[in-house]
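Let's take a look at a protein model and work through it by asking some simple questions.

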Amino acid sequence: MKKLHEAMRRDSRIFFLMGDTGFNLVEPIFEEFPERTLNVGVAEQNMIGISAGLVNAGFRPVCYAISNFLTQRCFEQIRNDICLHNYPIILAGTSAGFDNGTLWATHYIVEDIGCLKTLPNIQIYSPSSVESIEAVCDEAFNFEKPAYVRIAKSNFSMGRKNKSLDEFILENPTSSVLVIAHGKMVKNAYEAANTSKNFSVFAVNKIKPLNAQKLTPLFNKFKKIVVVEDNFKSGLYNSICQFLAENKLKNDVYFIGPEEEYEKHIGDPKHLEEKYGLMPDKINQFISEIVG
Amino acid sequence: MNQIQTSSKQKVPNADIRRTIVEIVHNSGAAHIGSALSCIEILNAVFKNVDLQKIKSQTADRDRVILSKGHATAALYTVMYHHGLLNRDEIYSYSKNDSLLAGHSSHHVPFVEHSTGALGHGLPVSLGIAIGLKAKELPARVFVIVGDGELHEGSNWETFMLAGHLKIANLCVLIDRNNLQQVGKVEVTCSIEPLKTKLESFNFNVFESDGHNEKEIAEKITNSKNSSQPVAIICQTTKGKGISFMENNNLWHYRAPQGEEYKKALKELTS
């Protein structure tokens, strides 16, 4: 929100729309820019349509809401009104993966990446740390294309600025195993690797399009690729598999993430991440097994 | 050379528009002629009201026209053609292979503000434009043509509610009340009445008009210019208007006139 506030001071084209989300967070922006902010109410279809209209009138909108309602309630609006027109609109979705696990299946989100990445033109970001949020904002606020930013509830910090958008978080030169993760799962993978010291961790903060220049050398170097994500297989794992197949690469690819199902019983993020092997100890256990 | 026609605002007879629509739909075998014929006077009145020069120059303060009932785009494109916004080759490519002029409105066609076709999209987008114009203190208006069956889409009501709440007065919604949707009558399928009362309760300034009386529609457009509320004009129309055997007959939601039907349609429009 701080980055958005700064960007709105810099760029008078930015118009901030939100779907009744952000209590005790967005107020300073609304106070400073009453003519470029709007709470549309609980009406996400309307919000996306309005954002497209604002582009027609010369603005660069940022739409903010809980990820589920921002991306899935209004999927057709995103398709037709944003992506068909290739409109530079940022969809900033709060809550990712099992962040809202105790609020249950209507509020946690594990299929947004798979859902949105089918759309032409859209850029998909899943920042993994406070520093990578800055790097993502630096790119997204150029407003070149439609963008979805999946903002997890995490304050993980690397203690340094990103060297690039996608990068190693931890590099183990002797290992043949590379964990690729995005969003909040980078922290889990990092903690796991810090304990076991038998694999490397690479953060993909931009899921679509994948950075082929960055990824190709990794696939040549590491034989075993483990994708760790709080999304169904339709997310980054699917993109990596497609990338490998299209480039005729023969790596072994593994997935750690949720089964394609909706939970019957609730659980907080740690509980559900534990269930699907996403916690550090489970990641280590999985990797020990594939290393043999 | 495909020169753009330079029709003056006064010289765009609705019968000419209807003839062109019948021709291009006949040529391509396209659908939705009935839906197109019901909104000719609405579109013609709107395009006679806006500053075409600003649209041609794409100035920031141009009025915007959005056909939310995008399946009637044969009407939009033909009215645009007769107002000099499309050339002859373009209009006669309608719904043919490799043409930009698809069976639903496309922003790839010059001067089309927004692609539509999936219903319930044009009105929210129009509200966004109207909010943007207001924020920039530009005096332009946004005209959006919505079908009556289209009002079943809930997104419209999200927009009506917010537009009325925010008093977005530069938004003008023209409702093509032809009483028919694809499968049957709107009132039988899911009633939208009392429409005027409903829209007034959403804080709209609501007018009613004979939807085939271009002069009356134009007057409502002009008279509502200084409204302090968003404007809705309910235009009572007839699906398939102007061709006796198409009027109020949903067969012509999809069918294109061929053979004797084509000749008969043209004859009716000429006589």
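Below is a short chat about chain B and its helices.

This is a predicted model, where local features need pLDDT of at least 70, side-chain atom pairs count only at pLDDT 80 or more, and totals for chains, interfaces and linings use all residues. Residues are numbered from 1 along each chain as its sequence is written, while chains are lettered from A and ligands numbered from 1 in the order in which they are written.

User: How many helices and strands does chain B have?

Analyst: Here helices (H or I, at least four residues) and strands (E, at least two) are DSSP runs, numbered from the N terminus. Going by those runs, chain B has 12 helices and 5 strands.

User: Why is chain B as compact as a globular protein of that length?

Analyst: The radius of gyration is taken over C-alpha atoms, and the globule rule is 2.2 Å times the number of residues to the power 0.38. For 271 residues that rule gives 18 Å, and chain B is close to it, so the chain is as compact as a globular protein of that length, with a radius of gyration of 17 Å.

User: How many residues of helix 5 of chain B are buried?

Analyst: A residue is buried if 20 or more other C-beta atoms lie within 10 Å of its own, exposed if 12 or fewer, and partly exposed in between, with C-beta atoms placed from the backbone. Helix 5 of chain B covers residues 73-82, and its buried residues include Leu76(B) and Tyr81(B). The helix is mostly covered, with the buried count being 10 of its 10 residues.

User: Are helix 7 and helix 8 of chain B roughly parallel or roughly antiparallel?

Analyst: Axes are lines fitted to C-alpha atoms, for helices over the stretch in contact, and angles run from 0 to 180 degrees between N-to-C directions. The two axes come within 8 Å and cross at roughly 25°. Angles under 35 degrees count as roughly parallel, over 145 as roughly antiparallel, 65 to 115 as roughly perpendicular and the rest as oblique. Helix 7 and helix 8 of chain B are therefore roughly parallel.

User: Which helix of chain B gives the most to the side that touches chain A?

Analyst: Two residues are in contact if their C-beta atoms, placed from the backbone, lie within 7 Å. The contact takes 22 residues from chain B and 24 residues from chain A. Helix 7 and helix 8 of chain B each supply at least two residues of that side. With 10 residues, the one giving the most is helix 7 of chain B.
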